[in-house]
Amino acid sequence: MLRILFLGDIVGEPGRRAVILGLKDIKAKFEVDFIIANGENSAGGRGITPKIAIDLMRAGVAVITSGDHIWDQQEIIEFMEMEPRVLRPLNYPEGTPGAGSIVLETAKGKVAVLNAQGRSFIQPPLDNPFLLLDQEVDRLRKDEGVKVIFLDFHAETTSEKIAIGRALDGRVSAVVGTHTHVQTADEQIFPGGTAFLCDAGMCGPIDSILGREVAPIVGRFRTSIPCRFPVAKGIVGLRGALIDVDESTGKALKIERFSEDYDI
């Protein structure tokens with residue numbers, strides 16, 4: 001059995017600090033073999049920098065996924081050309097810097113990580129993820145001989161996330177959604193053996209609105225006047241999913257929500 005820990009969107013300094021400080025103990029406590037984290041909000045709530053990516057990987061994150069904020073910090077573009085473990089959505093056009101998938105060797109065999117972005121109510125509009133994921137999953141399974149495949153699907157709507165999970169059922173080990181920062185309670189294993197969770201949630205301050213200070217966002221809703229949304233402070237909730245996979249078949253054996261709080 002291979003145990004994967006996936007952590008949802010890391011929000012700002014509080015989120016990344018809790019991940020970096022807590023990951024060693026979490027890995028031991030939950031007997032985790034492979035760690036993936038979405039880092040696209042880790043730099044002040046928007047994007048990720050090379051230094052943050054290196055710090056997360058040194059702490060134990062094997063692959064960093066992203067989404068619509070991946071380009072918010074310009075210096076990440078050149079870094080992604082040198083560091084394949086930082087992914088951008090697969091469905092960006094050909095020629096875009098970086099890659100949307102990676103295969104890593106582990107003590108329990110090959111693990112592939114995919115990152116794709118939805119198209120419903122999310123910008124920018126990208127190529128059709130259903131068609132591109134079909135192609136990439138087939139390539140990984142046939143050409144690379146990978147059985148364990150994990151997909152971070154960064155999307156707004158639950159329907160699109162469920163549809164991707166159903167479309168890939170039996171062909172990937174797990175599909176877990178990100179982007180909405182709110183952990184859902186629909187963890188399940190589909191009939192074909194694919195573990196699924198609509199949204200992993202976020203790694204960020206609990207006393208917040210999606211990781212940001214409450215007052216400015218409430219004010220924006222009241223007045224419609226643009227303002228800054230600083231990252232909140234206080235106790236940090238790390239949210240995600242723990243997934244057990246039979247590495248010989250790539251089928252999921254178990255999925256459960258991950259939830260730990262840290263007062264940093």
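Reader: In what sense do β5 and strand β6 pair, and over how many bridges?
Author: In this predicted model, β5 and β6 (residues 109-117) pair in the antiparallel sense, over six bridges.

Reader: And what holds paired strands together in general?
Author: The strands of a sheet pair through backbone hydrogen bonds, and the pairing is either parallel or antiparallel.

Reader: Which residue in β6 is the bridge partner of Leu104?
Author: The bridge partner of Leu104 is Val111.

Reader: What is the strand order of the open sheet?
Author: The open sheet has six strands in the order β5-β6-β7-β8-β10-β9, and its pairing is mixed. β5 (101-106) and β9 (188-189) stand at the edges with a single partner strand each, so one side of each has no neighbour in the sheet.

Reader: Which strands does helix α4 lie across?
Author: Helix α4, residues 129-142, lies across β5, β6 and β7 (148-154). The helix runs at about 170° to β6.

Reader: Changing topic, where is Asp246 found?
Author: Asp246 is in the loop between β12 (236-245) and β13 (252-262).

Reader: Why does Asp246 count as partly exposed?
Author: Asp246 counts as partly exposed because its relative accessibility is 24%, and that class lies between the limits of 20% and 50%.

Reader: What does Asp246 touch?
Author: Leaving aside residues up to four places away in sequence, Asp246 touches Lys251 and Leu253.

Reader: How far apart are Asp246 and Leu104 in space?
Author: Their C-alpha atoms are 17 Å apart, while in sequence Asp246 and Leu104 are 142 residues apart.

Notes:
Residues numbered from 1 in each chain as written. Predicted model: local features only at pLDDT ≥ 70, side-chain atom pairs only at ≥ 80, totals over all residues. Heavy atoms only, no water. Helix = DSSP H or I, 4+ residues; strand = E, 2+ residues; numbered from the N terminus. Buried < 20%, exposed > 50% of the residue type's maximum accessible area, 1.4 Å probe, protein only. Contact = heavy atoms within 4.5 Å. Pairing = 2+ DSSP bridges. Axes fitted to C-alpha atoms, helices over the stretch in contact; angles between N-to-C directions.
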